[in-house]
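Here is a short briefing for a first look.

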Amino acid sequence: MDGRVIAFGPFRLFVAQRLLLEGDRPARLGNRAFDILTALVERAGEIVGKQELIARVWQKTFVEEANLKIQVSALRRALGDGQGGRRFVATIPGRGYSFVARVRFVEPPQAPMPAATTHLEAHNLPHAVTRMIGREEAMAALASRLSSERIATIVGPGGIGKTTVALAVAERLIASYEDGVWLVDLAPLRDPRLVPSAVATVLGLGIRTENPLPSLIAGLRDKRLLLVLDTCEHVIDAVAGLAMAVLDSAPRVNLLLTSRERLKVAGEGEYRLGPLSKPAAIAQTDGRRGLGVPRCTAIRRARERDHRRLRGD
């Protein structure tokens with residue numbers, strides 16, 4: 001790559017500097033996702049096999065294929081793939097992934113580049129790509145809940161905006177957690193046994209045992225952080241088990257979850273979201289006033305596209 005800059009869509013990729021800019025703003029991209037992006041962009045238009053990507057990104061380390069799916073999902077979020085007409089990373093079922101956007105090489109800028117602070121920030125939240133409308137009450141209530149209690153689950157049907165609200169709340173709370181705010185998208189998982197490994201992958205914890213939950217809890221025990229577990233319904237029992245272990249043994253770790261149903265664990269606050277056209281409050285599990293939030297058609301359609309891609313992994 002000899003120091004050149006690779007441009008695609010609104011992004012510029014500085015490989016040597018390990019920096020991705022969207023316009024003039026550093027994109028929020030973890031190290032693993034950055035390595036996957038680089039590997040795909042280097043061979044834009046080609047199919048890069050799953051095992052080839054795993055070998056490159058996790059050198060000399062055995063990891064489950066689900067870890068790759070988790071990181072590809074994080075990459076897609078960071079790029080806004082599937083939203084506003086953007087399409088960058090395609091899944092080739094049974095084979096791997098392909099970077100499908102047009103790329104071009106451009107000369108590096110003469111002025112100093114922004115510092116690559118994205119890799120130093122204590123979170124992996126994507127930049128917001130949609131404008132929040134009518135959800136301030138929900139955000140404020142959830143943020144308040146997490147300031148005094150440890151677990152909240154945003155519950156509602158698919159496409160109602162659960163992820164959008166969770167990300168906005170998590171963004172608001174970054175400064176409250178010295179060890180960070182970490183998003184784990186569980187949508188790519190098909191095996192519930194891989195939930196602890198998926199969380200460990202996002203947190204950068206090297207776990208090499210057949211039963212990763214005890215090692216994950218040991219890694220969390222002294223941390224002060226917020227875990228945002230997104231799309232829990234299809235692995236709900238495994239998430240409930242992880243949540244109970246965290247609540248019991250990692251006293252400074254808080255949990256914010258999105259799901260179509262609640263976990264039914266002790267201390268869980270349920271926030272049931274409804275469309276703005278039906279603003280009636282629905283009670284939380286602890287009896288407080290519920291929240292109403294609007295349906296966001298763009299978010300729903302993007303989410304459905306994302307899930308269709310993931311089912312093809």
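Strands β3 and β4 form a hairpin with 2 residues between them. Gly23 in the turn has a positive phi of about 70 degrees. The model is predicted: local features need pLDDT of at least 70, side-chain atom pairs count only at pLDDT 80 or more, and totals for chains, interfaces and linings use all residues. Residues are numbered from 1 along each chain as its sequence is written, and side-chain values use heavy atoms, without hydrogens and water.

**The sheet**
- An open sheet holds 5 strands in the order β4-β3-β2-β1-β8, with antiparallel pairing.
- Its edge strands, β4 (25-26) and β8 (104-106), each pair on one side only.
- Strands are DSSP runs of E, at least two residues; helices are runs of H or I, at least four, and both are numbered from the N terminus.
- Two strands pair if DSSP finds at least two bridges between them.

**Around β3**
- β3 pairs with β4 over 2 bridges, and Glu22 stands opposite Arg25 in β4.
- β2 and β3 are joined by 4 bridges; Leu13 has Leu20 as its bridge partner.
- Their hairpin has 4 residues between the strands, and Arg18 there takes a positive phi near 50 degrees.
- Leu19 and Leu21 on one side of β3, and Leu20 and Glu22 on the other, are all buried (under 20% relative accessible area, 1.4 Å probe, protein chains only).

**β1 and the whole chain**
- β1 (residues 5-8) runs antiparallel to β2 (residues 11-14), with 4 bridges.
- Ala7 stands opposite Arg12.
- The protein chain has 9 helices and 13 strands.
- Of its 313 residues, 51% are buried.

Note on methods. Buried < 20%, exposed > 50% of the residue type's maximum accessible area, 1.4 Å probe, protein only.
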